[in-house]
Amino acid sequence: MSVNIIHGGCLCGAVRYEAAGQPYNITHCHCVDCRRSSGAAFVTWASFRRTDFSFAHGEPRTLAWAGRLRSFCATCGTPLTFMTAPNADEVDVTVCTFDNSEAISPADHTWTEDRLPWVRLADNLPVYNQSRT
């Protein structure tokens with residue numbers, strides 16, 4: 001039985017990662033924290049079990065904020081991961097850093113109560129004011 005391995009990394013190539021298995025909880029997150037940490041209107045995330053994710057090359061810089069952890073490349077600034085706590089069982093990875101990000105389709109929009117008013121959702125995906133129910 002073959003295991004699905006997703007490879008990815010930052011813009012400059014200083015940090016590379018790999019994740020085993022199928023990603024889950026694939027979402028467009030509109031929360032203020034995601035918008036400000038990425039400089040984008042929303043961020044598309046995919047979750048993996050933490051034990052199935054590892055950095056293969058380089059070490060990202062980690063930022064603790066409001067009890068959560070975000071990682072990014074210290075060289076080019078690319079946002080890479082998010083964890084709800086240092087001991088979280090899952091890690092969220094920015095989908096657009098996957099080498100093959102076009103193969104992943106988001107399932108919904110979360111934290112739309114923070115959505116920018118000029119963002120129009122027209123993809124017919126489920127919408128959640130905060131996290132999924």
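These legends walk through a few close-up views of a predicted model. Local features need pLDDT of at least 70 and side-chain atom pairs count only at pLDDT 80 or more, while totals for chains, interfaces and linings use all residues. Residues are numbered from 1 along each chain as its sequence is written, and side-chain values use heavy atoms, with hydrogens and water left out.

**View 1. The largest nonpolar core has 19 residues.** A nonpolar core is a set of buried Ala, Val, Leu, Ile, Met, Phe, Trp, Tyr and Cys residues joined through side-chain atoms within 4.5 Å; buried means under 20% relative accessible area, exposed over 50%, and partly exposed in between (1.4 Å probe, protein chains only). Phe48, Val93 and Phe98 touch the most other members. Two or more residues come from each of strand 2 (16–20), strand 4 (43–49), strand 8 (79–83) and strand 9 (90–94). Helices (H or I, at least four residues) and strands (E, at least two) are DSSP runs, numbered from the N terminus.

**View 2. Phe98 and its neighbours.** Leaving aside residues up to four places away in sequence, Phe98 touches Ile6, His7, Gly8, Tyr17, Ala46, Phe48, Val93 and Ile104. Contact here means heavy atoms within 4.5 Å. Elsewhere, a second, separate core of six residues includes Cys31, Cys34, Trp45 and Phe82.

**View 3. The lining of the largest pocket has 20 residues.** Look for Cys29, Phe82, Thr84, Asp92 and Trp111, which lie nearest the pocket's centre. A pocket is an open set of points on a 1 Å grid over the protein atoms alone, where a 1.4 Å probe fits, with protein on both sides within 12 Å along at least five of seven lines; lining residues have an atom within 4 Å of a point. Strand 3 gives the largest share of the lining, three residues. By class, the lining holds eight nonpolar, six polar and six charged residues.

**View 4. Asp33 and Arg68 meet in a salt bridge.** A salt bridge is a side-chain nitrogen of Lys or Arg within 4 Å of a carboxyl oxygen of Asp or Glu. Here the N to O distance is 2.2 Å. Asp33 sits in helix 1 and Arg68 in strand 7, 35 residues apart. Asp33 is partly exposed at 25% relative accessible area, and Arg68 is partly exposed at 27%.

**View 5. Arg132 forms a salt bridge with Asp108.** Their closest N and O atoms are 2.8 Å apart. Arg132 lies in the segment after strand 10 (108–110) and Asp108 in strand 10, so the pair ties together parts 24 residues apart in sequence. Arg132 is partly exposed at 30%, whereas Asp108 is buried at 4%.

How values were computed: Ala, Val, Leu, Ile, Met, Phe, Trp, Tyr, Cys and Pro count as nonpolar, Asp, Glu, Lys and Arg as charged, and the others, Gly among them, as polar.
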